[in-house]
Amino acid sequence: MSELLTKVGNHKVRKISDFEFTLERDESLGMRVPITIYADDNLLSKMLLDRTIHQAANVSTLPGVRKHVVVLPDGHEGYGFPVGSVAATDIEDGVISPGGVGYDINCGVRLIRTDLSEQDLKGDIRTLVDELFRAIPSGVGGQGAAKLGRSDLDNFLLEGAKSVVSQGYGWAEDLEVCEEGGMMAEADPSMVSETAKKRGSNQLGSLGSGNHFLEIQKVDEIFDNNAAKSMGFEKEGQLAILIHCGSRGFGHQVCSDYLKISEGALKKYDINIPDRELACVPYQSSEGKAYLKGMFSALNFAWSNRQIITHWVRKTFEKVLKLSENDLNMQVVYDVSHNIAKVESHKVDDRGLCDLVVHRKGATRAFSLGMNEIPSKYRNLGQPVIIPGSMGTASWLLLGNGKSEYLSFGSTAHGAGRAMSRSAAKRNYTVDNVRKSLESRGIYIKSLTKDGIVEESPYAYKDVDSVVNVSHSLGIATKAVRLVPIGVMKG
């Protein structure tokens, strides 16, 4: 039986179960659909400290929004849409919103497994992290490891990671285990501003700043032996590399450009929104199609970026450990996007499947077994889902589950989710405290700036294990492997 939990402004949040809450549709406030919140009591209490639920209610007012707006257990306040949310709009009478994807288009993660164990490093973790730091640029304005001409950039924007591999960065089989094969076919570089291209031309192959990182991790615990083995993990202590980054300044500029276009078109299409950060245009409009093609170009940029970084990770391991590619067996497990919008088919009522524009803002696709969108090697297993932790905490490898199809538009959480602002983190912690805490747990960290360590302190984030437990308990993505860091590279 549902119980009244609390009020958020004019909204009443009701508890449905241990891991599900709802904010019912209120037509007087312009809501077209209800809000579903997947969390436990503690995670929800953190959402109530900021505008997460209020922002989700605003999203529910968008034209053409269907079924419900989903807030995932890592949800927190964002730009327009809360980070950690999913909203789907009808392709005929619905809208597309740049704020529903965000500035860091295709911020995502790529997991690489190895045949190595921690003992194989022979104490070289510091050398390895230091060499990775030299090979892979980081920081706000950091230039990339690949120097491109305009034709090269346009090829990467058109063909994504496929074009990168054709130029010798990585292996063809990397593409087989990447969401969308690492390429959105409808990308169109002509829908991207010269400013965006200028910002992106020297940043491919770079990590960036903020919450982006590269970690050397070890398997801490295996929860599903069959799934873990299928994804290349057979024992505790086995090493992996997690790359967390996105489309850098290129994607940021694409979002900025189209937010201005969308805001300017609101009157043209007679769209009223409660928050200008929700600026949107009809999906079928010329502006909507232009944004889609520009955003797809940024998706391809980010997949290209992670592919180039993968290449340099492999080369760095070879150099430091003096082992061949065959010895290392550094295979990509999966690459998944966190900030994306694309058309998918989902069931929203008794009429069966319908095509929707699914906005995932800080959310991970979590498709279940048998779906054609899943790489063939995992189709009888389910889609690998990678949920990175906050610097110094665990990361998780899960499997998409059938329940996600009707609970969350085939989605789950994308990380721990911030619980403290960057400025608050700097007020509460020092670089020495954070570094000593990490070193006491055997984690070596290398960062371009001191602020990068303090602002991304593990204490500034929610508990990733709690976030994953909600997903697992609901059955939208279930536990397979837990990994913990031993070496961290930050921007």
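**View 1. The surface of the protein chain.** The protein chain exposes about 18100 Å², and carbon and sulfur atoms supply 45% of this area (Shrake-Rupley method with a 1.4 Å probe; for residues, only the protein chains shown count as cover). This is a predicted model, where local features need pLDDT of at least 70, side-chain atom pairs count only at pLDDT 80 or more, and totals for chains, interfaces and linings use all residues. Residues are numbered from 1 along each chain as its sequence is written, and side-chain values use heavy atoms, leaving out hydrogens and water.

**View 2. The whole fold.** Look for 16 helices and 20 strands in the protein chain (DSSP runs, numbered from the N terminus: helices are H or I with at least four residues, strands are E with at least two). The radius of gyration of the protein chain is 21 Å, close to the 23 Å from the globule rule for 491 residues, so the chain is as compact as a globular protein of that length (taken over C-alpha atoms; the rule is 2.2 Å times the number of residues to the power 0.38).

**View 3. The inside.** Of the 491 residues, 63% count as buried (under 20% relative accessible area, with a 1.4 Å probe and protein chains only).

**View 4. Helix α10, residues 286–321.** From first C-alpha to last, the 36 residues of α10 reach 53 Å, close to the expected 52 Å (1.5 Å times one less than the number of residues). Because 30 of these 36 residues are buried, α10 is largely enclosed by the rest of the structure.

Notes
Buried means under 20% relative accessible area, exposed over 50%, partly exposed in between (1.4 Å probe, protein chains only).
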